[in-house]
Amino acid sequence: MSEEATVDRLADQLGTYLDTSRINQVRRAYYYAEQAHEGQKRRSGEPYITHPLAVAHILADLKLDHQSLMAAMLHDVIEDTGIPKDALSEQFGDPVADLVDGVSKLTQIEFRTRAEAQAENFQKMTLAMARDIRVILVKLADRLHNMRTLGPLPYEKRQRIATETLDIYAPIANRLGMHSLCTELEDLGFASLYPMRSRYISQAVSKLRGSHQEIIEEIRSRLEARLAERGLPGKIIGREKHLHSIYNKMKFKQKSFHEIMDVYAFRIITDSEEQCYRILGAVHSLYKPLPGRFKDYIAMPKANGYQSLHTTLFGMHVNIEIQIRTEEMEHIANNGIAAHWMYKNGESGVSLVNQNRVNQWVKGLMEMRERADDSLEFIEHVKVDLFPDEIYVFTPKGKILELPGGATPVDFAYAIHTDIGNACVACRINRNLASLSQPLQSGQTVEVITAPGARPNPAWLSFVVTGKARSSIRQVLRTQKRTESVELGKTLLKRSFNGLDRSLSDISASQIDSVVQHNQVDSFDELLSEIGMGNRMAYLVARQLLSGGASAEAEAEPHKGRSGAPGSRSPLTIHGTEGMVVRFGNCCKPIPGDPVVGVMDSGHGMVIHSDTCSRLPEMNDAQGHLTHLKWAKDIADEFSVELRVELERQRGIIAEVANAVAVADGNIERINVEEQNTHLSIVSLVVHVNGRRHLARVMRRIRNIRAVTHISRIRH
């Protein structure tokens, strides 16, 4: 068929939902593109214009608006023919030129396996979707036609395009609710990546189809008879299983091919929501429903706007999966967000509920993009949102919130508002106090308890699943870490000045600016943060500030400093609540009362060790590596201590040790029994205490147990 005939066929198709003036605008875009691509060929040898025309056909099947179809015709013009965006604006107006420009920018994106490049490109795609979601619809249609015509391309390029399709484009189509396009992309990608597996599954499906036909017809006729008996209108369609989804179930759910294919799937399309529920009652009276397999997506639609009733029945010795929905729900299920540009009597009929859902998703992507420290972190957050397995929970006021499977009360808190997530301290699930890390189940009512001044706990990152929660927590922790490192850096710098018998207030603003420039940092706060994080020595920075910058390096040799002056030995006070930039060594587990020193760990801040710790680096105090510390008097925090207890083996002796610790107001974190011989056991236990005095009390209580022969504190 010639291109002219094909464009006439497209015009006939558009005539079913567009008026003549708009169809003529699409024709004009076609002739413009035909001229622009004159002489260009595809790999298959066909004229290049066949590709934009095919993309426009795909979008016409989705009943997209005339601007999207014009952009489909022109989508390769900017990139392949050198015609600038301004020329397209003059000819076809800004909206079309913006769409073409957006698609061109996405086309330049190559999702390589290099994670960094892939993540950067995904950010660009997010921005394009945020400006106009139609950009991604044109791009998806472009990708679908490219996947249909992959054959002539070299093997490596086919593999790259197929991988990219399965990793990025098919999930986006799914997230936008475009089921038909998504499944075709998945099956084409699967066939290209694994041709043998695809062929094998396809042949097995065809073979089974014949033997299953009898059962399928029997079930269909029974369902039709039951609907007719109740006077319910309904069109019954058998659902085909897609090759990629069969393969995934076999691979990830460890199901055999026959297990998957022994489920018979039907879809019933009816006129109204009310009829959907009536039909549900009718099919449940025909076959027994399986408990826990009913899902009502009409009352609680999925994030991409999908609505339907799902139920699984058992009859004729097989499982029967049934989806019940209206014509409109069927259209939205297959075409998703594209359904919003459907023209009804010349007007754009938009389903606002679904439009808002997609806008909400894209807005969420943009928020995560702003919070993420780098593009890799961003794509990690987004992957969760591209592959959701939804649960639905309620706020105390009855509002429904949708979250991905495995979400916790912390995810719920952040889904309500970032500030609520940040201030969250506890929660109630169905009115009972519950752990913040407990995975939520559909139907639960969740209440978040907040406290003023509360801050996110770094441990939350190990169990939250939503991108919003993860990116919000990381942002707060980054800010907190910076504030604390600036504070610690300032303290260390002041101490170094004391050692040189000077004060930070003696230093002029010009001297500070000079040292900031010399160290190639943006501000004095950043320089203090670098000191607090252990990346720079406070002593050297103090010398630079005193001598005005660059020349300080030469003077900063230890023997010229006055680090032995009384001021430098004045110890810093440790309160135990310094936060993220001050940590306690796991080797010696220091507690209040132990003589301690601080060691700067590059990039991580200060680590506090007992001054007798065997792992203490042998560094010269004068070089500023070791900082002398003292404990504050009013420390209320708990600290971990490891104890080694030798005792005679007796029935109930471990309970007696645990009781002794509890009587002394200690908490046991971990207890481990190593059998020594038939008479003696060695127990290693980690207990929480407030300081040395409290530890002495705990040890005394344990020592008083008659069976205990020896007790000592372990320091590695």
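**View 1. Asn430 sits in a loop and is partly exposed**. Its relative accessible area is 41%. That counts as partly exposed because buried means under 20% relative accessible area, exposed means over 50%, and partly exposed lies in between (1.4 Å probe, protein chains only). The loop runs between strand 11 (424-429) and strand 12 (432-434). Helices (H or I, at least four residues) and strands (E, at least two) are DSSP runs, numbered from the N terminus. Phi of Asn430 is near 50°, a positive value in a residue other than glycine. Most residues other than glycine have a negative phi.

This is a predicted model, in which local features need pLDDT of at least 70 and side-chain atom pairs count only at pLDDT 80 or more, while totals for chains, interfaces and linings use all residues. Residues are numbered from 1 along each chain as its sequence is written, and side-chain values use heavy atoms, with hydrogens and water left out.

**View 2. Lys589 is a loop residue with a positive phi**. Its phi is near 45°. The loop joins strand 15 (582-584) and strand 16 (596-601). Is Lys589 buried or exposed? Lys589 counts as buried, because its relative accessibility is 18%.

**View 3. Val582 lies in strand 15**. At 7% relative accessibility, Val582 is buried. Which residues does Val582 contact, leaving aside its neighbours within four places in sequence? They are Leu488, Met606 and Ile608. Contact means heavy atoms within 4.5 Å. Val582 and Val607 are 25 residues apart in sequence, yet their C-alpha atoms are 5.9 Å apart.

View 4. Leu626 is buried, at 15% relative accessibility. Its C-alpha atom is 5.1 Å from that of Val599, a residue 27 places away along the chain. Lys633 is exposed, because its relative accessible area is 86%. From C-alpha to C-alpha, Lys633 and Gly593 are 9.4 Å apart in space, and 40 residues apart in sequence.

**View 5. Leu99 is buried in helix 7**. The helix spans residues 94-107. Relative accessibility of Leu99 is 1%. Leaving aside neighbours within four places in sequence, Leu99 is in contact with Gln67, Ser68, Ala71, Asp132, Arg134 and Val135.

**View 6. The largest nonpolar core holds 63 residues**. A nonpolar core is a set of buried Ala, Val, Leu, Ile, Met, Phe, Trp, Tyr and Cys residues joined through side-chain atoms within 4.5 Å. Which members touch the most others? They are Leu14, Leu69, Met73, Leu74, Leu88 and Leu140. Take Met73. Apart from neighbours within four places in sequence, Met73 is in contact with Leu10, Val26, Ala29, Tyr30, Ala33, Pro52, Leu53 and Ala56. A second, separate core has 57 residues, including Met533, Leu629, Ala664 and Val687. In soluble globular proteins, nonpolar side chains tend to be buried together.

**View 7. Helix 9 and helix 11 cross at roughly 35°**. Helix 9 covers residues 134-148, and helix 11 covers residues 179-193. Their axes come within 10 Å. Axes are lines fitted to C-alpha atoms, for helices over the stretch in contact, and angles run from 0 to 180 degrees between N-to-C directions. The crossing is left-handed: the near helix is turned anticlockwise from the far one by less than a right angle. Leu140, Arg143, Leu144, Met147 and Arg148 of helix 9 meet Leu181, Glu184, Leu185, Leu188 and Gly189 of helix 11. These residues divide into six nonpolar, one polar and three charged. Here Ala, Val, Leu, Ile, Met, Phe, Trp, Tyr, Cys and Pro count as nonpolar, Asp, Glu, Lys and Arg as charged, and the others, Gly among them, as polar.

**View 8. Helix 19 and helix 24 are mostly covered**. Helix 19 (residues 409-416) has six of its eight residues buried. They are Pro409, Val410, Asp411, Phe412, Ala413 and Tyr414. In helix 24 (residues 538-547), seven of ten residues are buried. These are Ala538, Tyr539, Val541, Ala542, Arg543, Gln544 and Leu545.
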